[in-house]
Amino acid sequence: MAFRPAAMFNSLRVWLLSMPLTTRIVLSFLTLAYPISTAVGCLNPSLVLFHFQIHRILTYTFCHANVLHLLFNLISFLSIARRMERDMGSTRFGCIMVLLSNMVALVYLTIAFLSRFIFHESSLFESCVVGFSGVLFALLVVFVYQFSVSEAIVLAGVVPIPSTACPWLLLFLFQFLPNVSFLCHLSGLIVGFAYVHGLLRPFHLSINAVNRIEHFIFIRALSQYNGFVANTENRLPTSTSTAAASSASGGTSASASTPSQVAGASKASGPALSTI
């Protein structure tokens, strides 16, 4: 069979255009930012808090240790992002991504600060964290509470587990992988649960606020692109709303597929670099 680059490129283009817009943008940023040096973009608590390199609170999510680390995070992100964006709308999903990313970094920095100045443990404070999976853990919690809180997940086709236990199970399983950053994954879970329990409500955008954002010139231009999902009337997921939905549906369990590959495992390559 002859190799046809044009046909492959067209298939790739069709696949990309089938994604919602914000998912496509994040996927592109993660891919194009791969060459960024981990030394320049990693989340290093010492450099952020003492040298005021605030940019690292954002750039750490776009840095990855190697190609396999990047691919694992991309696949994990796609497994949950497309459905979430189609349900929430492109603008609101983008805002949630920025919020979760920053909050995961802030929680991690807080833990590192406390470990250094209260428990006198400096290794975490001097470590350098890279990768997107801390954010993925937070997204997974939101995903579970939005779409599948009343469902059971059949693990390996045999063992049913509650969907709400999935994030904790993944946190446990990833610790058997080499060089994972347990605390950054845990930070993602903390942020995700804070979100669904309403603790981040002051940062939520109302439907009216999202509508106003979508009327900005730049967003209006983006809305013309294929895949833009206009603001929906769906409520943001909270533990209260999902519990009510579960009660209304009789709390029936069902076998459901879920992002079992959800977080590109955060590995620590050497004493100074942790990849998430």
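Me: Why is Val 26 called buried?

Reply: Val 26 has a relative accessibility of 12%. Buried means under 20% relative accessible area, exposed means over 50%, and partly exposed is in between (1.4 Å probe, protein chains only). The value of 12% falls under 20%, so Val 26 counts as buried.

Me: How do you know which residues and atoms these values refer to?

Reply: This is a predicted model, with residues numbered from 1 along each chain as its sequence is written. Local features need pLDDT of at least 70, side-chain atom pairs count only at pLDDT 80 or more, totals for chains, interfaces and linings use all residues, and side-chain values use heavy atoms, without hydrogens and water.

Me: Where is Val 26, and what does Val 26 touch?

Reply: Val 26 sits in helix H2. Helices (H or I, at least four residues) and strands (E, at least two) are DSSP runs, numbered from the N terminus. The protein has 13 helices and four strands. Leaving out residues up to four places away in sequence, Val 26 touches Phe 77, Met 97 and Phe 132. Contact means heavy atoms within 4.5 Å.

Me: Why is Thr 22 called buried?

Reply: Thr 22 has a relative accessible area of 12%. That is under 20%, so Thr 22 is buried. Thr 22 is part of helix H2.

Me: What makes Thr 22 and Ser 90 a polar contact?

Reply: A polar atom of the Thr 22 side chain lies 2.9 Å from the backbone oxygen of Ser 90. A polar contact is a pair of N or O atoms within 3.5 Å; within protein, one must be able to donate a hydrogen and the other to accept it, and residues adjacent in sequence count only if both atoms are side-chain atoms. The distance of 2.9 Å is within 3.5 Å.

Me: How do you know that Arg 24 has no salt bridge?

Reply: Arg 24 is buried, and the nearest side chain of opposite charge is Glu 85, 7.6 Å away. Lys and Arg count as positive and Asp and Glu as negative; His and the chain ends are not counted. A salt bridge needs a side-chain nitrogen of Lys or Arg within 4 Å of a carboxyl oxygen of Asp or Glu. At 7.6 Å, Glu 85 is not within 4 Å, so Arg 24 has no salt bridge.

Me: What does the side chain of Arg 24 reach?

Reply: The Arg 24 side chain reaches the backbone oxygen of Met 19 at 3.1 Å. Arg 24 is also in helix H2.

Me: How many aromatic pairs are there, and why is the pair of Phe 29 and Phe 62 called tilted?

Reply: The structure holds 11 aromatic pairs. Phe 29 and Phe 62 lie 5.9 Å apart, centre to centre, with 50 degrees between the planes. Rings of Phe, Tyr and Trp (its six-membered ring) pair if their centres lie within 6.5 Å; planes under 30 degrees apart count as stacked, over 60 as edge-to-face and the rest as tilted.

Me: Why is the pair of Phe 137 and Phe 174 edge-to-face?

Reply: Their ring centres are 6.0 Å apart and their planes meet at 80 degrees. That angle is over 60, so the pair is edge-to-face. Phe 137 lies in helix H8, Phe 174 in the loop between helix H9 and helix H10, so the pair ties together parts 37 residues apart in sequence. Phe 137 and Phe 174 are buried.

Me: Why is Phe 62 called partly exposed?

Reply: Phe 62 has a relative accessible area of 24%. This value lies between 20% and 50%, so Phe 62 is partly exposed.

Me: What makes Arg 116 sit over the ring of Phe 117?

Reply: Arg 116 lies over the face of Phe 117, 5.1 Å from the ring centre. A charge sits over a ring if NZ of Lys or CZ of Arg is within 6 Å of the ring centre and within 35 degrees of the ring normal. The distance of 5.1 Å is within 6 Å.

Me: Why is His 120 called exposed?

Reply: His 120 has 65% relative accessibility. That is over 50%, so His 120 counts as exposed. His 120 lies in the loop between helix H7 and strand S1, and has a positive phi of about 60 degrees although it is not a glycine. Most residues other than glycine have a negative phi.
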